[in-house]
Amino acid sequence: MPEIANTAAKVAVAMTVNGRLVSAELDPRTLLVQFLREKLLLTGTHVGCDTSQCGACVVHVDGAAVKSCTMLAIQADGMSVTTIEGLAGASGLHPMQEAFREHHGLQCGFCTPGMIMTALDMVARLGPDLDEATIRENLDGNLCRCTGYHNIVKAIGAGAAAMGAGAKVAAE
Amino acid sequence: MNDSTVTPIGAAVRRKEDQRFITGKGRYTDDLSRPGQAFAYFLRSPHAHATIRGIDTAAAKAMPGVVGILTGADLAADKIGDLICGWLVTSKDGTPMHMGSHPALAKDKVRYVGDHVAVVIAETLDAAKDAAAAIAVDYEVLPAVADLAAADAGAQIHDNAPRNISYEWELGDKAATEAAFARAAHVTKIDLVNNRLAPNAMEPRAAIGEYDAGDEAYTLWTTSQNPHVARLVLSAFVGIAPEHKLRVIAPDVGGGFGSKIFIYAEETVCTWAAKKVGRPVKWTADRSEAFLSDAHGRDHISHAELATDAAGKILGFKVHTRANLGAYMSTFSSCIPTYLYATLLSGQYAIPAIHCEVDAFYTTTAPVDAYRGAGRPEATFLVERIMDKAARELAIDPAEFRRRNFVTQFPHQTPVIMNYDAGDYGASLDLALEMADYKGFPARRAEAEARGKLRGIGLSNYIEACGIAPSAAVGSLGAGVGLWESAEVRVNPTGNVEVLTGSHSHGQGHETTFAQLVSARLGIPIDQVSVVHGDTDKVQFGMGTYGSRSGAVGMSAIVKALDKVEAKAKKIAAHILEAAEGDIEFKDGRFTVAGTDRSLAFAEVALNAYVAHKFPTSEIEPGLKEGAFYDPTNFTFPAGCHICEVEVDPETGVTRIVNFTAVDDFGVVINPMIVEGQVHGGIAQGVGQALLEGVTYDADGQLVTGSYMDYTMPRADDLPSFKLGLTQTRCPSNPLGIKGCGEAGAIAAPAAVINALADALGTQDVPMPATPAKVWALAKTRAVRQAAE
Ligand code: FES
Ligand code: FES
């Protein structure tokens, strides 16, 4: 094989991804999304733009939503990353995933992982009682070309409420 | 309704495909990797128009990681043909359109910013990009032709297209139309620009080409809405490989909206290059490349006049449109501003005489082709804007003016080819007016005014033609292909079913609706049915999905195949049950001898079909698998009424959509949940066109709106929740009675929004996109006008 173009020194990174410890030697300019998609083959996280506008790439880093196209993999060194693949547990789908299906919150599915990860961040920040205006405002970093957002907004409201109810049950 | 139940037609069955999408297990083209793949990067023209005097790749070829660099000269040496436009339009003087040469890699000239000059294939994408920067191209820059309005006066772009005209086409009866205008009591005139749009499916285009030297066969994975048509074009016209040596796979595709119908340079080059470099070649567009090189939509400049009599009845309609083709004629570009546009200019109205002229121009901009609605949004925008303007000039309520002119008798032959088969336009208008509380609008307007806000309400009574068939009819209009659809129903020995369809799903939910249809018909649970599409090795042939055709045409083909399955299964059941074939009834998944309790479940008959012990195989062949090709007898005509209510803040120019009501007649609806989703998405794109989106080139032909920083996409807080209603007249031209729903929102919404703004601002001169700056200026003018009154 011919020599690979980039000969810059590789940098070691280690992070937890969906509960699993992973490590690699990377070209330092590798974006987090490239690391997830190309090295870990977690292709559920998508790339829809090159200007950090579409949110198809949203993952959680140490619990907060991050556009993984805008973060270097080495910046996530030592951190804990959750992607769409890490949401469903052994007992089945996450309530937010379930809500997207139930309310037809997706069509082509390309924006969906980013939408779901953003929705969860919304619940984490603002609680499970989300009205329509709040949801719409907090979706301003995520583009969808298929759904007109109508059913995404519905799905997030219902998913958040289900999470709230679930948390209550768990607390009792 | 869950997976293990039989799903009737009309039920809001949850989608089968969602499981993989919501868990991150979708499989889009860029998610795939082929062993040993190399990465392609396209060197694109930085100039809108230039002659290529030379390309020096020597330094670039020596860069680390480079696998190969190919240019138009290599393409020519391999005798690879041009990309083609597959629909022949003939000018009114009888000359065929002037199709400019369109090589996948430029030969001697580039014609838009983003045009393909060379491809670099390297071990990594970064290596390919680095090497591309080292290619020296000697350009002689020519004047750009960026302004559609003055394209005929610009530098000539193609040798065979003087004045940059591809065709000057007309439809309708000019003399009859002039005569109607001579009789008119009133003539309403309007000048409109239908703004240029970037389709922006969220998944960027991508392609992986692979060559198997052992089989001398190619495989192309690509983001396509119609993989079989891609294969046909790449083999029959471009000449990369014979059809049976080229497999095209369109896996999960992240939205298309028309932009993934076309056969582009990139997938052509990746396929051809795979053999040349002996490696699989992968390319994925970034968003900037998508803005530069995906085919854009719309881009018309029109003048129209509507003649009415003293009673407010329309006498005639004449239209002159300049349509932008961009730098090359893309796959279906010729039919969009002609047969998919002028044929809809009768709208929902009985108009005795129509004449439309369309002049199609080359410009040094990206190619323009079908985008959601394709020609029909342009027609509806024109018709519904001039209807509103005429109503106001005639001092008739816009709803009443429309009603007065509705087509009420069916079938109705328009003066522009179409024969409307069924509809009830009054019913959808009535329901929409009620749902939008049209009567209560004056009070809402007064209330808004008290708060210093301007309210307006606007109607749009759209009609579209879907299905795009029958094949012989579209052939007579210039189509290079038939527009039927195919299906195959394979019943397995254990009674579950695979449906192979030539339709392609890129968000439409076919895996659910098609399975729902089969479940209902065969009486088997929906999880026993799987839908196969998007692979030319699996599905023999198909025309793909666009023009809202998959329900009306694709599902009708499945019905035809199911008819054959049922007929054969009845024969087999008759032998097993020892009854006459005519006595066998099939209902709820069971074959029963009429009037008895002797019956067999569908799965039992399926098993027997393959075991083949209990019927004479000299009479009935073993197995249970049937195919069908279905060619519709007419276009289908979805229609409806959308009503938009806006509130403008005159201080900021911001337009808020406070109410959007859509009432549609889609004929029979298989899955209302999916249909509603289609309407939502379409409306959002239509609102985007009306308020936010617009592709802009500067005078030098540089794309100004080349990213999401400059091109405004509709976001969640730009839109309200929508109110939807359905009316229903059955479509008589297909067995299911389906009309199609995919484009309605994008067709209807722009006129509804702009009519509402015109109402709020008290002027008919509201341009698209009506951005806050423009609306603010119009609100100011209104205030000045009012102060003067
Ligand atoms: S890919 Fe990260 S925001 Fe678009
Ligand atoms: S579902 Fe297709 S982009 Fe959102």
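Modeller: Helices (H or I, at least four residues) and strands (E, at least two) are DSSP runs, numbered from the N terminus. By that rule, B:Thr364 lies in the loop between strand E15 (353-362) and helix H9 (376-393) of chain B. This is a predicted model, in which local features need pLDDT of at least 70 and side-chain atom pairs count only at pLDDT 80 or more, while totals for chains, interfaces and linings use all residues. Residues are numbered from 1 along each chain as its sequence is written, chains are lettered from A and ligands numbered from 1 in the order in which they are written, and side-chain values use heavy atoms, with hydrogens and water left out.

Colleague: Why is B:Thr364 called buried?

Modeller: Buried means under 20% relative accessible area, exposed over 50%, and partly exposed in between (1.4 Å probe, protein chains only). B:Thr364 has a relative accessibility of 0% and therefore counts as buried.

Colleague: Which residues does B:Thr364 touch, not counting residues up to four places away in sequence?

Modeller: Contact means heavy atoms within 4.5 Å. On that basis B:Thr364 touches B:Ala48, B:His49, B:Arg111, B:Tyr112, B:Ala144, B:Val145, B:Ala146, B:Ile157 and B:Gly701.

Colleague: What makes the pair A:Arg37 and B:Asp30 a salt bridge?

Modeller: A salt bridge is a side-chain nitrogen of Lys or Arg within 4 Å of a carboxyl oxygen of Asp or Glu. For A:Arg37 and B:Asp30 the N to O value is 2.8 Å, so the pair meets the definition. A:Arg37 is placed in helix H1 (residues 32-39) of chain A and B:Asp30 in the loop between helix H1 (18-22) and strand E1 (38-44) of chain B, so this pair joins two chains.

Colleague: How are A:Arg37 and B:Asp30 classed by accessibility, and on what grounds?

Modeller: A:Arg37, at 8%, is buried, whereas B:Asp30, at 26%, is partly exposed.

Colleague: How do you know that the salt bridge of B:Glu693 and A:Arg145 joins two chains?

Modeller: The two side chains meet at 2.8 Å, N to O. B:Glu693 belongs to the loop between helix H17 (672-692) and strand E28 (723-727) of chain B, and A:Arg145 to the loop between helix H4 (132-138) and helix H5 (150-171) of chain A, so the pair joins two chains. B:Glu693 is buried at 0%, and A:Arg145 is buried at 4%.

Colleague: How many salt bridges and polar contacts are found between chain B and chain A?

Modeller: The count between the chains is five salt bridges. A polar contact is a pair of N or O atoms within 3.5 Å; within protein, one must be able to donate a hydrogen and the other to accept it, and residues adjacent in sequence count only if both atoms are side-chain atoms. That rule finds 29 residue pairs across this interface, both residues at pLDDT 80 or more. H17(B) gives the largest share of the side of chain B that touches chain A, namely eight residues.

Colleague: What is the buried area between chain B and chain A?

Modeller: Buried area is the accessible area (1.4 Å probe) that two parts lose on being put together, summed over both. Chain B and chain A bury about 4,500 Å² between them, 55% of it on carbon and sulfur atoms. On the side of chain B, B:Ile22, B:Met202 and B:Arg715 lose the most area to chain A, together 16% of what that side buries. The contact takes 58 residues from chain B and 49 residues from chain A.

Colleague: What links distant parts of chain B?

Modeller: B:Asp294 and B:Arg205 form a salt bridge, with their closest N and O atoms 2.8 Å apart. These residues are 89 residues apart in the chain, and both are buried. A network of salt bridges links B:Asp437, B:Arg444, B:Glu447, B:Arg451, B:Arg455, B:Glu645, B:Glu647 and B:Arg656. Over all chains, the structure holds 56 salt bridges.

Colleague: Where do the domain bounds of chain B come from, and what lies between domain 1 and domain 2?

Modeller: The bounds come from an automatic or database domain assignment. In chain B, domain 1 is 18-26 + 484-630 and domain 2 is 32-142 + 202-255 + 260-293. Domain 1 and domain 2 of chain B bury about 1,500 Å² between them, 54% of it on carbon and sulfur atoms. B:His506, B:Thr536 and B:Phe541 supply 38% of the area that domain 1 buries against domain 2, more than any other three residues. The count between these domains is three salt bridges. B:Arg247 and B:Asp537 meet in a salt bridge at 3.4 Å, N to O.
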